Amino acid sequence: MPILLTADWCPVGRDEYYRKFEVYNMEWTNSFNMENVIVASCSYGGPLAVRRDPKKIVKVQGSGKPTIYIYTAAGELVSSIVLSRPVIHVGWSIADDLLCIEDDGSVLRYDLFGNHQHTFSVCEEAKITKVIEANVFNSSVGGTGVAILTSSYRFFLVNNVKDPKTHPMPEIPGLNAPPSSWAVIAKDKQAKILVAKERELYFLSYNEEHPVHVVLSFADRLSSVVEMAVSVDNRRIGLFTDKGRLWIGSSDLSGKGCEIDTSHACRPFQLAWCGSDGVVGVWDGTLLLVTVNGDILTYPCDSRVHVVPEIDCVRVISTLTHEILQSVPSVVQKILRINSVDPGNYLLEASRQFQRRSHSADEYIRLVKDQLPIAVANCIEAAGYEFSPENQKMFIRAAQFGKGFVPNLDPEPYVTMCRVLRVLNAVRNFKVCLPITNVQYIKMSESGLLDRLIRRRHYYMAIQICKHLKLPPAKGLSRILAEWAFYKVSQAKQDREQVAKEIADKLGKAPGISFKDIALRANNFGHTQLAIRLMDYEPRAREQVPLLLNLGQEVPALLKAMESGDTDLVYTVLLRMHAKMPLADFYLKMRNYPLAHSLYIKYSYENNNKELHDIYSQESDFNAQAALHLKEAYLPKNSGTRETSLAAARQSYKNARNEFLAVACDEQLKLLKFQRDLEAKFRREFFGRSLHDTVEILLSLKELKLADSLRAEFKVPDRRYWWLRILAHAQNDEWEQLEKFSKDKKSPIGYEPFVDVCLEKNKKLEAQKYMSRVKDDLKVKYYAKIGMLEKAAQTAFEQKDVQALNVVQARCGAQDRHVVEQINTYLAQLRSKK
């Protein structure tokens, strides 16, 4: 096994190793001196924010205004932010946003390109008392918060900068000077602040009224805790005392890991966790690592360094290099340590011998033949922990060699690791600068990695990773293209036609992307014409129309709505246009679009008759005006103004030269006047009834003269009038008058109705009076209806109607035996004559 593979390993304790290896050579070598600046670092291999240390006297070039420089993890300048006033603290959010906290409690949020995103104030009190210390923290459940300490020595906390809600913390009794140190522990959704008031420790929680005093025993008597460091997972904490002792334990201080004398009496420049296995302290010329078991490892430093805690390592940044310090993963230790008998070690050596074409490869394989699945799995896992592509290939080749000797071995872990390593190597490249480990990649997931690439505008790289990992479009390609489009429309100087076409060409075949969202973003950036152009590519009218209306493009919205065939959308546009435009202009505009015009008339007919009058008046459509007046006349609520509406309808018909309907309206007005007179005379309701009903009521009231005059006035047909007279006499049981009426003159409807009304009242004798005048072809039927079966049979015989005789015979009962015999006789006679 080559010694170079473990050359950077340093033993710590009995069975633990740490390694420190270089990731990048820094590009900022001659830009500044690390001793004169303050560095704020972002987790997961994120960017670095560098600002001048206000406590150091240095030569200033330029305007002298506070400036923050943002660099990649390789020290390449990305952007700079010129501030209007000094800041108290600078930190990074979990979403790669730079948070600048000013002394008045204002928190300014920038993206990593220096573009201002948002500003909020932590509290009003800070504007008066001013902020003297601040901290930016990331919670273990996601999200970034801010905590501040004011000059009145009160703490305020915001759990999430995306949804800032300020929580005042309990006041520490007797705190009349800045605490010796403090830190935020965001283990759960509720963050707590651990404050050191000299040697006394307090937990502050906004859900509790009073601080919780914690008694922590140290081996040596101390005067104060001067530095604190909380692990990335918020489960452990390190406390450094003014006596140079480091206490490591659980973040709730209930469990103690170790307490070590660091031999450094002065306060460290920085105290940070290396994963959750140890604490790193930075002093001049020294990088001290203390594990949770109390073991110490010291690294010399040529210059001042800055350390960045990560979930599985710590990044060490100096003027010249960017390095990673981490505990050597156990699987890598098992395989590579000296005199290892791990199956992975034998498999790795077998692979190396096989590449040299040595027969020794077979001997090594035989040694681990029964444990080859474990050896293959270990080599695959070890490959994921390596930063060097050469080491990755070494482990992957060994795994590939070993799996050839194991039948039915699941290839998925091997394939997955190859894909992941290719992704990790791509993002670790100097041009991308995301030096993340496999553990961090698993923690952030593919989605988190894509988010970071998108925020850095590495869209092409993100798309290629999606294709390589075969992610579904909703999580991968479509989302990235949408983010690219959002960025594209945010640019200030651009040709809208070219940009819209470019976006449409890229996004045309991608599923799940809405041009509406892109157009909205363009409009938010003030590019209204670009937003309108983009909406031409949106295939869904229900998405197009509302946005076009919001952009003030009513006519294009109307055209899109009409093209869609969705009447609801057309109504939406019309109502918006009606609300915004003068009525005259609106009516004229509608006349250019017949479909919209018809729909609006229909809408007005059902909801706004007054406006419909205006439309018809403007268009000189007198027939439509008259029809609308008639509709209004017969609405129940308009009975009092019915004559007025009818008169208006009559006039409109006259204007339209529609004499027939004008006369009809005139006759209806006469009827209404007649009905009002009848109401005044009889004190009962007549108004609004039809001519038929009015005559019927008069006849029921025995007002024959009035009924006759109404008949003559309105030319009621004789057939209808006779029917009404017959029904009225029968209803009033006026049988004599009915008979008298039947003899006045020949009935235009025949005399069958007389028989029918008599039978309805069960007046068979009265019905018999009219039988002689019933039509011959109906006599058999009516004789049978009044029960005169014998007469019916005789009439049928006289008419030689065999079918009628059979019908009468069918209606005979048991008591009509003699009628049945007579019918049989008739039938026989009729058959004999044939």
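Visitor: How many salt bridges does the count come to here, and what makes a contact a salt bridge?

Guide: The count comes to 25 salt bridges, where a salt bridge is a side-chain nitrogen of Lys or Arg within 4 Å of a carboxyl oxygen of Asp or Glu. This is a predicted model, in which local features need pLDDT of at least 70, side-chain atom pairs need 80 or more, and totals for chains, interfaces and linings use all residues. Residues are numbered from 1 along each chain as its sequence is written, and side-chain values use heavy atoms, leaving out hydrogens and water.

Visitor: Why is the contact of arginine 455 with aspartate 96 called a salt bridge?

Guide: The N to O distance between their side chains is 3.4 Å, and the rule asks for within 4 Å, so the pair qualifies. The two residues come from distant parts of the chain, 359 residues apart. Arginine 455 belongs to helix H8 (residues 438-455), and aspartate 96 to the loop between strand S7 (87-92) and strand S8 (98-102). Helices (H or I, at least four residues) and strands (E, at least two) are DSSP runs, numbered from the N terminus.

Visitor: Which residues of H15 and H16 meet, and of what class are they?

Guide: With contact meaning heavy atoms within 4.5 Å, the residues that meet include Leu558 and Met562 in H15 and Val573 and Met577 in H16. By class, this contact has nine nonpolar, one polar and two charged residues. Ala, Val, Leu, Ile, Met, Phe, Trp, Tyr, Cys and Pro count as nonpolar, Asp, Glu, Lys and Arg as charged, and the others, Gly among them, as polar.

Visitor: How do you know how H10 runs relative to H11?

Guide: Helix H10 (residues 477-490) and helix H11 (residues 496-507) pack at about 175 degrees, their axes 11 Å apart. That angle makes H10 roughly antiparallel to H11. Their contact has seven nonpolar, no polar and three charged residues.

Visitor: And what makes H9 roughly antiparallel to H10?

Guide: Helix H9 (residues 459-469) packs with H10 at about 170 degrees, with axes 9 Å apart. This makes H9 roughly antiparallel to H10. Among the residues that meet are Tyr459 and Ile463 in H9 and Trp484 and Tyr487 in H10.

Definitions and conventions:
Axes are lines fitted to C-alpha atoms, for helices over the stretch in contact, and angles run from 0 to 180 degrees between N-to-C directions. Angles under 35 degrees count as roughly parallel, over 145 as roughly antiparallel, 65 to 115 as roughly perpendicular and the rest as oblique.
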